[in-house]
Every structure is written in C-alpha cells, then in structure tokens.
Amino acid sequence: MAMLEVKNLQVYYGVIQAIKGVSFEVNEGEVIALIGANGAGKTTILHTVTGLLSAKTGEVLYEGTDLLKIPAHKIISHGIAHVPEGRHVFSQLTVYENLLMGAYTRSDKSEIEETLETVYKRFPRLRERKGQYAGTLSGGEQQMLAMGRALMSKPRIVLMDEPSMGLSPILVEEVFDIIQSIRKSGTTVLLVEQNAKKALSIADRAYVLETGNIVLEGSADQLLNDESVKKAYLGE
C-alpha cells in the first residue's frame, strides 16, 4: 500500500473546477515531484491534502486514513508537514520561536531539544540567527526556517510548495541539497516545483499537471528525456 494515495480528486473554487479527477500515489521514502505551469493546480492539490481546501469528490488516503475527513489542524499530528509557498514564517517571532511553533503538537521536551539540534545542524544559519526576528531574514534564510519549522514536528512526509521560488541559483542548489538530505534521513517528500529540471534531478517519480489534470507520469529519468516535457518545461 502506498503511503499517500490521492484518488479521483475534484476541487472547485466556486463554480470553477481547479482539479479534475486527479489520482496519484507517493510511496514511503520517495521524492515525488508535481510539475506544471502556473495555474495548473499544484498548490491546490497540496492545500487539499493538508485540509486547507475542501474537495468536492475523491479520497486522500494516508496509510489508509482519509485525510478529507480530518480537520486541518489535526493533520500535522498524523506525521504530515507542509512547507507553504511564500514561506509564511511568523515575522514577529524569533527564529527559535518559529522553530518551537513547528513542534507545538509535541510534548516530549527532551526529544524536541534533540530535533532542534538536528535542525540547527542541517541549517547552521538558523543557529547563528536563532535570536533574530524572522521578518528580518533574507528570502533564502526564511525558506530554510520554513523547512526547519516543518521538520520540528518530526514528520514522516513533508509537502513542499515551490521551495526554490525567488532564490538565487546558489541558494536553489542549497535548498535542493537539503531536500535530498531530508529524504536520506528517511522522510518522504512530495515536491511542487516550477523549476522542473531541478525537481526531476532529485525526484524518483513525477506527475505533470496541466489545467487540473495529470497528463504525464513516470520515473524522473523518463520525464527528463520526454520530448514534450523538454519543450514545455525544461526550455529545450
């Protein structure tokens, strides 16, 4: 059984259908990429999986439990974390306080400290700036903080929405290296990313979304070498 199964998902904004019967699955330990143009429905899918949007029909099964029947604020306690597009750090809180917010569902203080130390090792700049207000960080630092905050919940799967958006090429490389290290530590990753080439370079499998439909799926290598993908998303 797949860790996460999305089955025949249909999502509307008013009368406009944004997601048109999408189905895909994520197996434990994989990095799965959802790629597609702006407006294809990638973010809508993530928001529906984590309860921020309601589906009209379909199922989102996480280890057999339908997440569509669980309130959004309880989903994180099932081992699912979401790194939203645009970072959405708490700008008036310090880096340290933001990280603690990521662990709000946990009560094991000594284990929280261990996780915090792990996050600081993965993101040394967060340790350097732990007393600094999050709103004063650079875009790259805020992205690292959003990722670190998600990891503080000790998730089994992390949903990442456009983690490279607005970052310099050097920081993009760093963020993708971190995603690979998260996967190597045993955490599954569902990645939404406009930089299709970078996403496919680290993913196991990928799904191509167009106007609310999955139009292609396969291994990352297959899609990197697919002529239609090259032309539409890889600039080749």
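Which strand is Asp-66 found in? Strand β5, residues 65-66. Strands here are DSSP runs of E with at least two residues, and helices are runs of H or I with at least four, numbered from the N terminus.

Some ground rules before I go on. This is a predicted model, where local features need pLDDT of at least 70, side-chain atom pairs count only at pLDDT 80 or more, and totals for chains, interfaces and linings use all residues. Residues are numbered from 1 along each chain as its sequence is written, and side-chain values use heavy atoms, with hydrogens and water left out.

Back to Asp-66. Asp-66 is buried and has no salt bridge. Buried means under 20% relative accessible area, exposed means over 50%, and partly exposed is in between, with a 1.4 Å probe and protein chains only. A salt bridge puts a side-chain nitrogen of Lys or Arg within 4 Å of a carboxyl oxygen of Asp or Glu. The nearest side chain of opposite charge is Lys-69, 4.3 Å away. What does the side chain of Asp-66 reach? The backbone nitrogen of Leu-68, at 3.1 Å. Leaving aside neighbours within four places in sequence, Asp-66 is in contact (heavy atoms within 4.5 Å) with Glu-59, Val-60 and Leu-61.

Now, salt bridges. How many does a search of the whole structure find? The count is 11. Side chains of opposite charge can pair when their charged atoms come close.

Take Glu-174 and Arg-125. Their closest N and O atoms are 2.6 Å apart. This pair links distant parts of the chain: Glu-174 sits in helix α7 (residues 169-184), Arg-125 in helix α5 (residues 124-128), and they are 49 residues apart. Glu-174 counts as partly exposed because its relative accessibility is 28%. Arg-125, at 24%, is partly exposed.

Next, Arg-183 and Asp-204. Their salt bridge has its closest N and O atoms 2.6 Å apart. Arg-183 lies in helix α7 and Asp-204 in the loop between α8 (196-202) and β9 (205-210), so the pair ties together parts 21 residues apart in sequence. Arg-183 has 22% relative accessibility, so it counts as partly exposed. Asp-204 is partly exposed, at 29%.

Arg-129 bridges to Glu-128, with closest N and O atoms 3.1 Å apart. Why does Glu-128 count as exposed? Because its relative accessibility is 59%. Arg-129 is partly exposed, at 24%.

One more item on charge. Glu-28, Glu-63 and Arg-156 are linked in a network of salt bridges.

Definitions and conventions: Lys, Arg positive; Asp, Glu negative; His and termini not counted. Polar contact = N/O pair within 3.5 Å; in protein donor to acceptor, adjacent residues only side chain to side chain.
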